[in-house]
Amino acid sequence: MITSAVNHYYRSSIGRKHLVALTGLLLCGFLVGHLSGNFLLLMGPDAFNLYGHRLFSLGAALYVIEGGLGLVFLVHLGLALRLTFENYRARGNQKYAAKKNTGRGTTFMSWSMPWTGLVLLVFTILHLINLKFGPYYTTSVEGIEMRDLYRVTMEYFQDPLHVAWYVFAMICAALHTAHGVASAFQSLGLNHGRYYPKIKAFSYIYAVLVGGGFAFISVWAHFQGV
Amino acid sequence: MSIKLDSKIPQGPLSEKWEKHKFDSKLINPANKRKFTVIVVGTGLAGGSAAATLAELGYNVLSFCIQDSPRRAHSIAAQGGINAAKNYPNDGDSIKRLFYDTVKGGDYRAREANVYRLAQVSNNIIDQMVAQGVPFAREYGGYLDNRSFGGAQVSRTFYARGQTGQQLLLGAYSGMMKMVAKGKIKQFNRREMMDLVTINGKARGIIVRNLITGELERYAADAVLLCTGGYGNVFYLSTNAKASNASAAWRCYKKGAAFANPCFTQIHPTCIPVHGDYQSKLTLMSESLRNDGRVWVPKKKDDSRKPADIPDEERDYYLERVYPSFGNLAPRDVSSRQAKFRCDEGLGVGPTKQAVYLDFRDAIKRDGLETIAGRYGNLFEMYERITGDDPYKTPMMIYPAVHYTMGGLWVDYNLMSTIPGLHVLGEANFSDHGANRLGASALMQGLADGYFVIPYTLGHYLASTPLEKVTTDDNAFKDAEQAVMLQTSKLLGVNGKRTVDDFHKALGHTMWDHVGMSRNEAGLKKAIHDIRNLREEFWQDVNVPGDTGNFNLELHKATRLADFLELGELMALDALERRESCGGHFREEYQTEDNEAKRDDENFAHAAVWEYTGANSSPIRHQEELQFENVKLATRSYK
Amino acid sequence: MASGNMSLNLKIWRQKSGEDQGKLVDYQVQNVSPDMSFLEMIDVLNEQLVRKGEDTIAFDHDCREGICGMCSMMIDGKAHGGFKNTTTCQVHMRHYKDGDTIVIEPFRARAFPVIKDLTVDRTAIDKVMMAGGYITASTGNAQDGNAVLIPKPIADEAMDAAACIACGACVASCPNSSGMLFMGAKISQLALLPQGKPESPKRALNMVQTHDNLGFGNCSTHAECEATCPKGISIEHIARMNREYLKAAFTYYDKKRSE
């Protein structure tokens, strides 16, 4: 019985939305962690590299965390794609000749969710290739040999095209989360007249801070030089 | 005399009649109920509640509606509320008082026993609807709230904002949906009843048109319940929905069901006035507005000042002046007539001079804007949307409009017409409101009939009547279908020049001018003459494009109008023959010195019941004498 | 009093039947008065068509006072014209000006197939209601209406949700053609009321499942439904449905419910 209830849940529109919301919020949490790490760049190479080294020294635990994160990402992506496809089909074969929004509901952020999501997908792949799986420099901090992630990052951002792409992607991330965070609360059933305006405000603040934070660092890195 | 009018009112004291009757009614055991099929035409409060309840009891129900969903029946538009004798406010209400108010409100032209039963079951309706999830207005303590309505001095009206009809209908509809899901109701949407099929004198089926495909379909059953509402659209402009029509009832009339009191129509005093000849319908503003709104006209003719600039001493709050004890809550017929008198005197306001003010200035001053907005916000919004005027700032302009028809197919105490097996519920029958219906009583009657009366009386009919097996292959079905086809091809074949709406508007003008709020002999005779001519012209000059084989809206309208053109004449004839004034039927020849309706109880304390005798002969007028044993006939006074 | 003097260009979707390919057809309508309702303007056009012996434009309408939910239409790409708390029958021509071009299409959704022109089949809504949009309270066994007290704010909120007229504008305007608002409104109404609570989990599970099977889309919280809902129903009710559903999916247990 339990499995069938969960099965029902997974197969239903609302269940899938719950999962998209939950995974989305987890990813948002991850972004906060990632961003705080990135701010260590401002404190110089040693601080940043040491941070990277500590993460790597988690060993197997790191793989578990990364694997979990990857799974969350894939669930989020897979379900969102599926829902988007279903939504497209739900209109039927004949689309509107002249569909307009009232201006009181759909926003650019909500409308562009699938597109900003796709940008983020491409971005994530490139990001992993360019940085995580990018050049392997080594350096030594306090006598310990470790990967020089600071250099990898700073070098990457010397190319203005890289910065432009990164800033664009972060704008997409801001747009995606500005709608996504509040929407996730709604999907989880946490919308109540008294709190929802605050949740929405939180959603916007989150988007600006996180998107802006990442973008700022990329620009800073560019001008800071290697 | 070919029809026999036996009202079948049970013996015994008034308050025990219904209990006794229920006990005396035959029952059908649960296992046998599933052997019976019942057709329910119409899914408003009466039809919806009947279909749901009968299905719950175990009958197989075939339910038909002309809309795309049963939830759209016009009961949905009732705004103000529903009466019940709960006496929650402790203000002196009782079953007896609700009974008395209703009989008096109907100007002593309704059956005592029926009205008493209505008052008795009124309380069960509230309980039932609460159980089904109708979100009635509540007080902070969680108790049900009441408000007052016209024609009563107690607060007995339960309401769900300004959408009581909607909420009650959705309650009945939800009950139906539950039974549709269980397979006990087969729901047929977008079907219009075209004729009744009788076999061996009993109602055994119907012919319907599938409005989408245009095809005719046959359905057989053991009994037919007609819950098809009123015929106010004979006036073209009314508060009824566009598709509301009289055809189902009219076809039954032509098949032998007697039609009672066709001239009893209710003109509702608070509607938004007519503003152009393109207008397609009139919008009602709930009677509840008269709880706080004050009705007035300027004392001076052609006063061109803005209403706000007219000082109090130059305003005539005529309802408060003429009826000091009921004031603005005088019953509908009385209030409407007073508005007409003022306009006839040249005191009307607005561009057409066919309107009076309904003013909330004093209520807003007394209770504050917020309170008034809380009570009537949605109605004010609706008014503003239609007229462009803001009722918070300037008084509403209102004028009476056709709203409800008290007349309808004659039924006995069991709600059965003169055709055995054909039962008529809700507005479609004539039974409970006499010559005038009080506000918040229509919802009560529809649901009483469907929930609490028909389940007993139909059971008794089915249990006590030998019903041979019939199928839709029977010749009676073939013949009825043929007749419908013939009429349809005739309509499509005229190929004239005038549109259906053109004819309907012409009929409406005649009806409104001569068979409306105020009637006289010369006018009624003229109306009969004019309607006959119009009918003839209709069959020679109407233009119905398209064919039967698809969703042909003009054809649907034309079919309905053909029946209105016959019904209108009967209404005028009935009004002519009723040589008295009572309730909504005001004959100018019969009025008191101060212009009140003057009843003639000696000669007209009866229901006029018309029997169809053929297309080329006059109908016969029968009488069902009304016995008043519990209420003393008195001049109805709201002063 | 005379008819007005606006002249309008209309592009109206004409489609003979469900199987037919439809297209937008141009019409001109003259003498439109600003006091006319939108449907009265179409009436005028239809009268013109009758006089020319042409098939009239089929559109759903009935009460013409904004409560029956029959009227539909996408007017210039917006359900019911996109005015706040307004159905098509309540739109008046004073919102338009002489010479305007107005595009009129039917509500579009896979769950609402076109029957003819601007008329669509919305029985999918009934089907969702059949799956649980009711309280099982058979006639006759109800207790006194005041036996269970309902706090006024709760009754009011239930009424907010109950105001739904099932017109389908939420589905038509939703970029995903989702039926979550009308369904959420019903689930929310009945979950708020004590009378509806006993069946709440089963109702949520069954209605959502039916909704999905009928081909409606999912909710992306655009809130376009809320914006076009003629009764101003809030997406808070969707959130309440989501809660009810979540609770039900993980806690509801009924041996008889075979799955």
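Which exposed residues does the face of helix 6 of chain A turned away from its buried side carry? That was the question I opened the notebook with, and I kept in mind that this is a predicted model.

**Entry 1: helix 6 of chain A**

I began with the buried side. In helix 6 of chain A, residues 113-132, I found A:Met113, A:Thr116, A:Gly117 and A:Leu120 buried. They span an arc of only 95 degrees around the axis, so they sit on the same side of helix 6 of chain A. I jotted down a reminder for myself: an α-helix has 3.6 residues a turn, so residues three or four places apart point the same way.

Then I turned to my opening question. The face turned away from the buried side of helix 6 of chain A carries the exposed residues A:Trp115, A:Val122, A:Ile125 and A:Ile129. I also looked up what covers the buried residues of this helix, and the cover includes helix 4, helix 5 and helix 8 of chain A.

**Entry 2: chain A as a whole**

I stepped back to see the rest of the chain. Chain A has nine helices and two strands, and along the sequence I read the pattern α-α-α-α-α-α-β-β-α-α-α. The C-alpha trace of chain A spans about 65 × 45 × 40 Å along its principal axes. Of the 226 residues in chain A, 30% are buried. I also checked the contacts in chain A between residues at least 6 apart in sequence, and 78% of these join residues at least 24 apart.

**Entry 3: who touches whom**

Next I asked which chains touch. Two pairs of chains do, and chains B and C have the most contacts between them. Chain A and chain B share no contact, and their closest C-alpha atoms are 19 Å apart.

Helix 4, helix 5 and helix 8 of chain A were already in my notes as part of the cover of helix 6 of chain A.

**Entry 4: inside chain C**

I looked up the domains here. Chain C is divided into domain 1 (6-116) and domain 2 (122-251), and the centres of these domains, taken over C-alpha atoms, are 29 Å apart. Between them, 19 residues of domain 1 are in contact with 19 residues of domain 2. The domain 1 side divides into eight nonpolar, eight polar and three charged residues.

I then checked a helix pair. Helix 6 (residues 200-213) and helix 8 (residues 236-251) of chain C pack at an angle of about 100 degrees, their axes 8 Å apart. That angle makes helix 6 of chain C roughly perpendicular to helix 8 of chain C. The contact residues include C:Ala204, C:Leu205 and C:Val208 of helix 6 and C:Met241, C:Tyr245 and C:Ala248 of helix 8. The residues of this contact divide into eight nonpolar, two polar and two charged.

**Entry 5: inside chain B**

I finished with chain B. The axes of helix 1 (residues 14-24) and helix 5 (residues 112-131) of chain B come within 9 Å and cross at roughly 80 degrees, which makes these helices of chain B roughly perpendicular. Among the residues making the contact are B:Leu14 and B:Trp18 of helix 1 and B:Tyr116 and B:Arg117 of helix 5.

The domain assignment of chain B gives domain 1 (269-402) and domain 2 (475-605). Six residues of domain 1 of chain B are in contact with six residues of domain 2. Helix 9 (residues 332-344) of chain B gives the most to the domain 1 side, with five residues.

How values were computed:
Residues are numbered from 1 along each chain as its sequence is written. Chains are lettered from A and ligands numbered from 1 in the order in which they are written. This is a predicted model: local features need pLDDT of at least 70, side-chain atom pairs count only at pLDDT 80 or more; totals for chains, interfaces and linings use all residues. Axes are lines fitted to C-alpha atoms, for helices over the stretch in contact, and angles run from 0 to 180 degrees between N-to-C directions. Helices (H or I, at least four residues) and strands (E, at least two) are DSSP runs, numbered from the N terminus. Angles under 35 degrees count as roughly parallel, over 145 as roughly antiparallel, 65 to 115 as roughly perpendicular and the rest as oblique. Two residues are in contact if their C-beta atoms, placed from the backbone, lie within 7 Å. Ala, Val, Leu, Ile, Met, Phe, Trp, Tyr, Cys and Pro count as nonpolar, Asp, Glu, Lys and Arg as charged, and the others, Gly among them, as polar. A residue is buried if 20 or more other C-beta atoms lie within 10 Å of its own, exposed if 12 or fewer, and partly exposed in between; C-beta atoms are placed from the backbone. The arc is that of the directions from the helix axis to the C-beta atoms. Domain bounds come from an automatic or database domain assignment.
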